[in-house]
Amino acid sequence: MLDVQKIRKDFPILNRTVNGKPLIYFDNAATSQTPQQVIDVIVDYYSNYNANIHRGVHSLSQEATDAYEQARIKIQKHFNAKQSHEIIFTSGTTHSINLVANGFSSLLKKGDEIIVSALEHHSNIVPWQMLCERTGASLKVIPMNENGELILSDYDALLNEHTKLVFVNHISNALGTINPIEYIIEKAHAVDAAVLVDGAQSCPHLKPDVQALDVDFYVCSAHKICGPTGVGMLYGKEEWLNKLPPYQGGGEMIAEVSFAKTTYAGLPHKFEAGTPNICGGIAFGAALDYMNHIGFKNIAKYENELLDYGTEQLLKIEGLKIYGTAKEKTSVISFNVGTIHPYDIGTILDKMGIAVRTGHHCAQPIMDFYKIPGTIRASFMFYNTKEEIDAFIVALKKAIMMLS
Amino acid sequence: MTIEEVQNEIIEEFAMFEDWEERYQYMIDLGKDLPLIEEKYKTDDNIIKGCQSKVWVHANMQDDKINFTADSDAIITKGIIAILIRAFSNQHPKDILEANTDFIDKIGLKEHLSPTRANGLVSMIKQLKLYAIAYQTQLN
């Protein structure tokens, strides 16, 4: 069981007011809030052992290096990677995806194919378009149905011996659909294609096991899992990471340098040029500790209750339409009310202290599919409550009244 | 009336309201009275960039004075552009260029003035002033 009142005490930001009203934070799919336990780790780092890592012989450097490498091991264990050097620290999901896309530019040739899903965030479409421009490979798209689910028979038909890489998000940021990645991975492997899964939206809600999934690459950001912004990770199978060339040149990623030739460091340092976000990496580990302490089973169960309750309450409002009604979905509700512009509703809700996301959620192709300019998106985390949903419904009704 | 006089009139109207709700309600009503842009001018060229909602603005000049028409797919945005147009329409390009816009702050819409705000109020003001520059050049 999850004691939400006790949990809420961990998040200082939940005590603040916005425009004179208590904050109701329903923009968790954009970024989650940070518990005191993680804030303390950040303060402790800068107060007590801030130093550059891996190079120093002095004690502070050693302490910082130990803490950073401990965090890598925490992440490895959390995702059940076989080895800690299969975890690469990055600045976040987008950086991780670009690292893989860049690496593949030396592995692809004209005629090769990359498959992406129709449910992707812009950050997941653009790197592949750039990769295709560089290599002459072509981009294929798995279409979705009206419920926001991928059409798997179409996916099967896209796969062939030219398919080199399949890219799909585990959970859609705009609609909350949980994609059947087990199926997608199995089918891709049958034609020897690699699979990269974007876990930005899934990692706050479930605990992926990269070995059980047999996924080749898995990426996520810390800031959606109660950690800080500016840090994330790339998991890659060792054999794949060895195949990819380094992404950026700089310190840390080299073994030996002369003007004639540089040899690169081994994993994971080959991909970690320059001074990393040390404090962020350590806090990322602390955030996973925090979430694991609550327990992902408890989190999923509670968030599902919020999703069901929120959906039920919203559907009572006349003219309200929910986009994304997949059987398997997470605690994200994307909706519109009649012909009212999402921006108008978002603005009025903000005046009442409620934070939701409005717009196309960086997923214009999905909005084009539904022929709408955007949606209002309410996304819940384990620290939200049914009482907050009730207050949100009251505020939403008031907004609708003002705008009709 | 000069731009400043119109702005003062708007400030006085908004001063009557006690809370944000009344202010927003009034802004929504102002949006309904917006001088609407003709459909043929609702082209991509006339869309103001930087808004989460779509805003179209068109300008023409008559007797050395600029008249603006506009539309938006969001009601609040429509209210904001209506307030701007009321202040700037039927004015000489030079006066539009020299006008300041701190009346927006004074009517309690300061939060919309941030350049990072997705509603693009700053882009709207910039666009109206760009029209003024273009017509001013014609007059010179």
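Predicted model: local features only at pLDDT ≥ 70, side-chain atom pairs only at ≥ 80, totals over all residues.
**Helix H7 of chain A**

- Helix H7 spans residues 181–190 of chain A, and its buried residues are A:Ile181, A:Ile184, A:Ile185 and A:Ala188.
- When H7(A) is viewed down its axis, these buried residues fall within an arc of 95°, and they therefore line one face of the helix.
- On the face of H7(A) that is turned away from the buried side, the exposed residues are A:Glu182 and A:Ala190.
- After H7(A) comes A:Asp192, a residue whose phi is positive, near 65°.

**The sheet of chain A**

- Chain A holds an open sheet of 7 strands with mixed pairing, in which the strands follow the order S4-S10-S9-S8-S7-S5-S6.
- Strand S4 (87–90) and strand S6 (138–142) of chain A are the edge strands, each of them pairing on one side only, and the twist from one strand to the next averages 20°.
- Helix H3 (residues 59–79) of chain A packs on this sheet, where it touches S4, strand S9 (217–221) and strand S10 (232–236) of chain A, and its direction makes about 120° with that of S4(A).
- Helix H4 (residues 93–104) of chain A also packs on the sheet, touching S4, S7, S8, S9 and S10 of chain A, with a direction that makes about 35° with that of S10(A).

**Strand S7 and its neighbours in chain A**

- Because 7 of the 7 residues of S7(A) are buried, this strand is largely enclosed by the rest of the structure.
- S7(A) and S8(A) run parallel and are joined by 5 bridges; A:Phe167 stands opposite A:Leu196 in S8(A), while A:Val168 has A:Val197 in S8(A) as its bridge partner.
- Strand S5 (residues 113–117) of chain A runs parallel to S7(A) and is joined to it by 4 bridges, and the bridge partner of A:Ile114 in S7(A) is A:Leu165.

**The two domains of chain A**

- Chain A is divided into domain 1, made of 4–27 + 295–403, and domain 2, made of 39–293, and the centres of these domains, taken over C-alpha atoms, are separated by 29 Å.
- The contact between them takes 22 residues from domain 1 of chain A and 23 residues from domain 2 of chain A.
- On the side of domain 1 that touches domain 2, the elements giving two or more residues are helix H11 (296–315), strand S14 (332–337) and helix H13 (364–370) of chain A, and the largest share, 4 residues, comes from H11(A).
- By class, the residues on that side of domain 1 of chain A divide into 12 nonpolar, 7 polar and 3 charged.

**The contact between chains A and B**

- In chain B, 11 residues are in contact with 11 residues of chain A.
- Helix H2 (20–32) and helix H3 (75–88) of chain B each supply at least two residues of the side of chain B that touches chain A, and the largest share of that side, 4 residues, comes from H2(B).
- The side of chain B that touches chain A has 6 nonpolar, 4 polar and 1 charged residues.

Technical notes: Residues numbered from 1 in each chain as written. Chains lettered and ligands numbered in written order. Contact = placed C-beta atoms within 7 Å. Nonpolar A, V, L, I, M, F, W, Y, C, P; charged D, E, K, R; others polar. Domains from an automatic or database assignment. Buried ≥ 20, exposed ≤ 12 C-beta atoms within 10 Å, placed from the backbone. Arc of directions from axis to C-beta. Pairing = 2+ DSSP bridges. Axes fitted to C-alpha atoms, helices over the stretch in contact; angles between N-to-C directions.
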